Amino acid sequence: MTPIHVIGGGLAGSEAAWQIARRGIPVVLHEMRPVRATDAHRTDGLAELVCSNSFRSDDADHNAVGLLHAELRRAGSLIMASGDANQVPAGSALAVDRDGFSAAVTRALEGHPLIEIRREEIAGLPPADWDSVVVATGPLTSPALSQAILARTGEDSLAFFDAIAPIVHFDSIDMDVAWFQSRYDKVGPGGTGKDYINCPLDKAQYEAFIDALLAGDKTEFRDWEANTPYFDGCLPIEVMAERGRETLRHGPMKPMGLTNAHSPSVKPYAVVQLRQDNALGTLYNIVGFQTKLRYGAQAEIFRMIPGLEHAEFARLGGLHRNTFLNSPKLLDATLRLKAESRLRFAGQITGCEGYVESAAIGCLAGLFAVQERLGRPLTPPPATTAMGALLAHITGGHIARDHDGGGPRSFQPMNVNFGLFPPVEAPERSTDGKRLRGADKARARKLALTARARADFDAWMTALALEPASA
């Protein structure tokens, strides 16, 4: 059988290759590292995590990304299986040992008899005889391929910046000042309720920290980068501080749900949290502290945080530019490029944001490629599911305005969220007959959304009839 080509060995490309191969169709997976490096990657491993090590919430009942986890597991996802096998404690979230995770994905793909991995850059449009191609080159697509794609579409790329949080050696954290606790003592997958390291700040310390952030030496943009926006879900900490002195205290430094174990009667004015970054527990990343500060300024400013006065950094923060397509205009409902239908796109280049979202779109691209190769009807998942809702955001569902010429309005990257789902009828009263209000009403609505989604996704997977014989 003629192979399907997948370009890019990140989360989306790895997942797409896996979904195709496990259905008995040969795959050629092209990854340019180490032949050509990127500004963000540090290894040549497949599915390397370059920013956080968190897959975020694993709550499939009340959280949209947790629901996406469940759907990926139902689809036999390699990314989720590798994440589950390499999890580290992270409260209610699923976080992973980044090196163990990447190694597991790499081993699985290298060991599959129907997958050939070629370490090479595809510097332009794929050869004409590649009749089915999944382009999953991510936000760091090589310039040659990016320009070739844009020339084929006749469009300009959109771009935004992602910032990377620093990682600290655990044994350099002063645990006489810091303490272990998950917010509200919440226990998650593999967790204990004491999965984060918390560093407390009083008001004077917080104000001094904000002053230092605002004054700190920052990375300068080049001319061609000057008008590039940030993705709001990954704002640098100093940019958040510029939006108001209290912004951080109501964001990544909020003190709610935490009690200082060393001084329980004193409520912190703000708290910095660190999350375990590897299975050994020797590395912790500073949660929400993605930054464009220069290295020298980072070390100086972050050591102002109580408990981190002598912090040793395994990695300092950084900044990289991401690109994505104007997908609602350029892609069809099954992620094919309208201008050249043999090319299908997956992952962050389509305008989804987040590790799990990228893997989900890679999963869908792989399943669509399989349906097409087998001569089956191309059937997207229902919009009531997490994958379907995310796909609908990428390929359509945008409000058109008269001044847009009928086109999609200002397409921007998006994490999966319940706002993308069609409305659902939810219970208005509890089992004892009381009217649901506030948080109880919201939880009931989320549970109704996720219950409908899981049933619809299971029915869709069953109707596809694409499960391998060994599944």
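Biologist: What makes strands E12 and E13 a pair?

Modeller: Two strands pair if DSSP finds at least two bridges between them. E12 and strand E13 (residues 283-286) have 3 bridges in the antiparallel sense, so they meet that rule. One place to look is Gln 276, whose bridge partner in E13 is Tyr 284. A word on the model itself: it is predicted, local features need pLDDT of at least 70, side-chain atom pairs count only at pLDDT 80 or more, and totals for chains, interfaces and linings use all residues. Residues are numbered from 1 along each chain as its sequence is written, and side-chain values use heavy atoms, with hydrogens and water left out.

Biologist: Which residue takes a positive phi in the hairpin of E12 and E13?

Modeller: That is Gly 281, with a phi near 75°, in a hairpin that has 6 residues between the strands.

Biologist: How do you know that E11 and E12 are joined as well?

Modeller: By the bridges again: 6 of them join strand E11 (residues 196-201) to E12, and the two run antiparallel. Asn 198, for example, has Gln 273 in E12 as its bridge partner.

Biologist: Why is strand E12 called largely enclosed?

Modeller: Buried means under 20% relative accessible area, exposed over 50%, and partly exposed in between, using a 1.4 Å probe and protein chains only. In E12 (residues 270-276), 7 of the 7 residues are buried, so the rest of the structure largely encloses this strand. Across the protein, 56% of the 471 residues count as buried.

Biologist: What makes H10 and H11 roughly perpendicular?

Modeller: Axes are lines fitted to C-alpha atoms, for helices over the stretch in contact, and angles run from 0 to 180 degrees between N-to-C directions. Angles under 35 degrees count as roughly parallel, over 145 as roughly antiparallel, 65 to 115 as roughly perpendicular and the rest as oblique. The axes of helix H10 (residues 355-373) and helix H11 (residues 386-395) cross at roughly 90° and come within 10 Å. That angle makes H10 roughly perpendicular to H11. Among the residues making the contact are Cys 363 and Phe 368 of H10 and Met 387 and Leu 390 of H11.

Biologist: How many nonpolar, polar and charged residues does the contact of H10 with H11 have?

Modeller: There are 9 nonpolar, no polar and 1 charged. Here Ala, Val, Leu, Ile, Met, Phe, Trp, Tyr, Cys and Pro count as nonpolar, Asp, Glu, Lys and Arg as charged, and the others, Gly among them, as polar.

Biologist: Is Cys 363 buried or exposed?

Modeller: Buried, because its relative accessibility is 0%. Cys 352 also counts as buried, at 1%.

Biologist: How many disulfides does a search of the whole structure find?

Modeller: The search finds 0, a disulfide being a pair of cysteine sulfur atoms within 2.5 Å.

Biologist: What order do the strands have in the open sheet with E5?

Modeller: The 3 strands are ordered E3-E5-E4, with antiparallel pairing. Strands E3 (54-57) and E4 (87-88) are at the edges with a single partner strand each, so one side of each has no neighbour in the sheet. Strand E5 (residues 93-96) pairs with E4 over 2 bridges, and E3 and E5 pair over 2 bridges too. Within E5, Ala 95 is the bridge partner of Val 88, and Ala 93 that of Ser 57.

Biologist: Which way do the residues of E5 point?

Modeller: Ala 93 and Ala 95 point one way, Leu 94 and Val 96 the other, and all are buried. In a regular strand, side chains alternate between the two faces of the sheet.

Biologist: Why is Arg 56 called partly exposed?

Modeller: Its relative accessible area is 28%, so it falls in the partly exposed range. Arg 56 is found in strand E3. Contact means heavy atoms within 4.5 Å, and beyond its neighbours within four places in sequence, Arg 56 touches residues including Val 65, Ala 93 and Glu 357.

Biologist: And His 112, is it buried or partly exposed?

Modeller: His 112 is buried, because its relative accessible area is 16%. You will find His 112 in the loop between helix H4 (98-111) and strand E6 (115-119). Leaving aside neighbours within four places in sequence, its contacts are Trp 18, Ala 21 and Arg 22.

Definitions and conventions
Helices (H or I, at least four residues) and strands (E, at least two) are DSSP runs, numbered from the N terminus.
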